[in-house]
Amino acid sequence: MEIRRGLTLFLVFIILQRGEGQLSESFYNATCPKVESIVRKAVAKKFNQTFVTIPATLRLFFHDCFIEGCDASIMIASPNGDAEKDAPDNLSLAGDGFDTVIKAKHAVEANCPGVVSCADILAIAARDVIALAGGPSFQIELGRRDGLVSKASMVAGKLPEPNFNLSQLNTIFAKNNLTQTDMIALSGAHTVGFSHCSRFANRLYSFSPSSPVDPDLDPTYAQQLKQDCPQNVDPRIAINMDPVTPQTFDNKYFKNLVAKKGLFTSDEVLFTNPASKPTVVRFSKKQNHFNEAFITAMRNLGRVGVKTGKVGEIRLDCTAFNS
């Protein structure tokens, strides 16, 4: 009897310990109840200045979560140029994403100093830009803490590449406890994305010895891309990943894949591979199916490698560790 009682107390202790470090939609209800409306206002203001706020903030959140977990380590600025954001895979992250988080953090600090993490502000901002672009609005879990490590050397191999096949995509997402459906849904964010020409130039000019242009690319679309991205184009030139409705968060990305208008090999493979094709077709036909899957995937993404409880810190300046 005593052993059973001791075991019960031990289990209760474990559950309580685990509960202390869990994310919750009501995490700031007592300490900063207006945090979400404060961030939403700051994000909307930034969005009114430039549409790039949308894809830049979404991509920033994705990169942050995939490298060291959703801990805002991507935000750290190092005088030595050796922080996470300085890694080659992160150099194309648009400054507007960083600026969105920094401005939202300033607004939150003015109301609730030292309470809300940069990691949570980035998560809220990523949710808000989706709605601003016409996508679904949804509740998110909060309670992340900011990471204490940000190194460029830790980035390589942790992000999907534009030439990945389905197996490679599934492997890298599975490492973050994300399913194939999560991966396909999150890829749908490319509907408001943009890319530099160098990321897909091989599909236009050097795909294979027998076919310079990728045969899985619609010929008319390939010709349009060649006009937008001639060889030796200015490396700063970027084009929309969704040529139809580039500033609306919708399911056109999936309709484009069906029409062989996926920009990256890693986009088009979602349609050409029989294992993922049915999901792409379903999302292309049913906007609500995509929205539901995207919400689930974003919530799952937001749980990747989070620091909670007493791990990490609440950074006062998103770009620097607390001294």
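Predicted model: local features only at pLDDT ≥ 70, side-chain atom pairs only at ≥ 80, totals over all residues.
At 1% relative accessibility, C70 falls under the 20% limit and so counts as buried.

**The C65–C70 bridge**

C70 is bonded to C65, with the two sulfur atoms 2.1 Å apart. C65 also has 1% relative accessibility and therefore counts as buried. The torsion about this S-S bond is about 120°, so the disulfide is right-handed.

**The wider set**

How many disulfides does a search of the whole structure find? The search finds 4. If you number the bonded cysteines along the chain, their pairing reads 1-4, 2-3, 5-8, 6-7.

| Disulfide | S to S distance | S-S torsion | Handedness |
|---|---|---|---|
| C32–C112 | 2.0 Å | about 75° | right-handed |
| C65–C70 | 2.1 Å | about 120° | right-handed |
| C197–C229 | 2.0 Å | about -65° | left-handed |

Let us take C32 and C112 first. Their sulfur atoms are 2.0 Å apart in a disulfide, and the torsion of about 75° is why this bridge is right-handed. The pair ties together distant parts of the chain, 80 residues apart. C32 sits in the loop between helix 1 (2-20) and helix 2 (35-49), while C112 sits in the loop between helix 4 (95-111) and helix 5 (118-132). Both C32 and C112 are buried.

Now for C197 and C229, which are joined with an S to S distance of 2.0 Å. Here the torsion is about -65°, so the disulfide is left-handed. This bridge, too, links distant parts of the chain, with its cysteines 32 residues apart. C197 belongs to the loop between strand 1 (194-196) and helix 8 (202-205), and C229 to the loop between helix 9 (219-228) and strand 2 (238-240). Are these two cysteines buried or exposed? C197 is buried, and C229 is buried as well.

**A buried aspartate**

D182 is buried but has no salt bridge. Which side chain of opposite charge is nearest to D182? That is R303, 8.1 Å away, whereas a salt bridge requires a distance within 4 Å.

Setting aside neighbours within four places in sequence, D182 is in contact with T296, A297 and N300.

How values were computed: Residues numbered from 1 in each chain as written. Heavy atoms only, no water. Disulfide = S-S within 2.5 Å. Helix = DSSP H or I, 4+ residues; strand = E, 2+ residues; numbered from the N terminus. Buried < 20%, exposed > 50% of the residue type's maximum accessible area, 1.4 Å probe, protein only. Lys, Arg positive; Asp, Glu negative; His and termini not counted. Contact = heavy atoms within 4.5 Å.
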